[in-house]
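Trainee: I would like to learn how to read a model like this one. Can we take it feature by feature?

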Amino acid sequence: MRRARKAPEEIDVRAVREKSGLSQPQFAERYGFSLRTLQEWEQGRAHPDNAVRAYLTVIDRNPNAVEEALKRI
């Protein structure tokens, strides 16, 4: 039986975005976030929940997989 994986307790959203080379509006658009929410996370006024931290981890580690999965047909 496989053990469930946990998302990291914290994630540096700004670092993930900056590593992508995208501006805030570009990152929000590409990955389906509200620009305002992204700004709140980056400024530390809000924190992504567990599922979003997991999603951001995948974006950080394998952005091509995310982009492929989100392609519009």
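Trainee: Leaving aside its neighbours within four places in sequence, which residues is Phe 33 in contact with?

Mentor: First, a caution: this is a predicted model. Now the list. Phe 33 is in contact with Phe 27, Ala 28, Trp 41, Val 52, Tyr 55, Leu 56 and Ile 59. Neighbours within four places in sequence are left out of that list.

Trainee: Now the charges. How many salt bridges does a search of the whole structure find?

Mentor: Six. Take Arg 17 and Glu 42. Their side chains meet in a salt bridge, 2.5 Å from N to O. Arg 17 lies in helix H1 (residues 13-20) and Glu 42 in helix H3 (residues 35-42), so the pair ties together parts that are 25 residues apart in sequence.

Trainee: Are Arg 17 and Glu 42 buried or exposed?

Mentor: Both are buried. The cut-off is under 20% relative accessible area. Compare the next pair. Lys 19 forms a salt bridge with Asp 60, and their closest N and O atoms are 3.2 Å apart. This pair links distant parts of the chain, with Lys 19 in helix H1 and Asp 60 in helix H4 (residues 50-61), 41 residues apart.

Trainee: Why does Lys 19 count as exposed?

Mentor: Because its relative accessibility is 58%, and exposed means over 50%. Asp 60 has 26% relative accessibility, so Asp 60 counts as partly exposed.

Trainee: Which side chain does Glu 67 meet in a salt bridge?

Mentor: That of Arg 30, at 3.6 Å from N to O. Again distant parts of the chain are linked: Glu 67 is in helix H5 (residues 63-70) and Arg 30 in helix H2 (residues 24-31), 37 residues apart. Glu 67 is partly exposed, with a relative accessible area of 30%. Arg 30 is also partly exposed, at 41%.

Trainee: What about empty space?

Mentor: The general idea is simple. Rolling a probe the size of a water molecule over the atoms shows where empty space is left. Here, the largest pocket holds about 200 Å³ of space.

Trainee: Which residues line the largest pocket?

Mentor: Glu 29, Arg 30, Tyr 31, Gly 32, Val 66, Glu 67, Leu 70, Lys 71 and Arg 72. H2 and H5 each supply at least two lining residues. By class, the lining has three nonpolar, one polar and five charged residues.

Trainee: What volume does the second largest pocket have?

Mentor: About 170 Å³. Its lining has 13 residues, and the closest to its centre are Glu 10, Ile 11, Trp 41, His 47 and Pro 48. H1 and H3 each supply at least two residues of this lining. The classes are five nonpolar, two polar and six charged residues. Trp 41 also belongs to the largest nonpolar core.

Conventions
Residues numbered from 1 in each chain as written. Predicted model: local features only at pLDDT ≥ 70, side-chain atom pairs only at ≥ 80, totals over all residues. Heavy atoms only, no water. Salt bridge = Lys/Arg side-chain N within 4 Å of Asp/Glu carboxyl O. Helix = DSSP H or I, 4+ residues; strand = E, 2+ residues; numbered from the N terminus. Buried < 20%, exposed > 50% of the residue type's maximum accessible area, 1.4 Å probe, protein only. 1 Å grid on protein atoms, 1.4 Å probe; cavity = no way out; pocket = protein on both sides within 12 Å on 5 of 7 lines; lining within 4 Å. Points joined across faces, edges and corners; volume = space filled by probe spheres on them. Nonpolar A, V, L, I, M, F, W, Y, C, P; charged D, E, K, R; others polar. Core = buried A, V, L, I, M, F, W, Y, C linked by side-chain atoms within 4.5 Å. Contact = heavy atoms within 4.5 Å.
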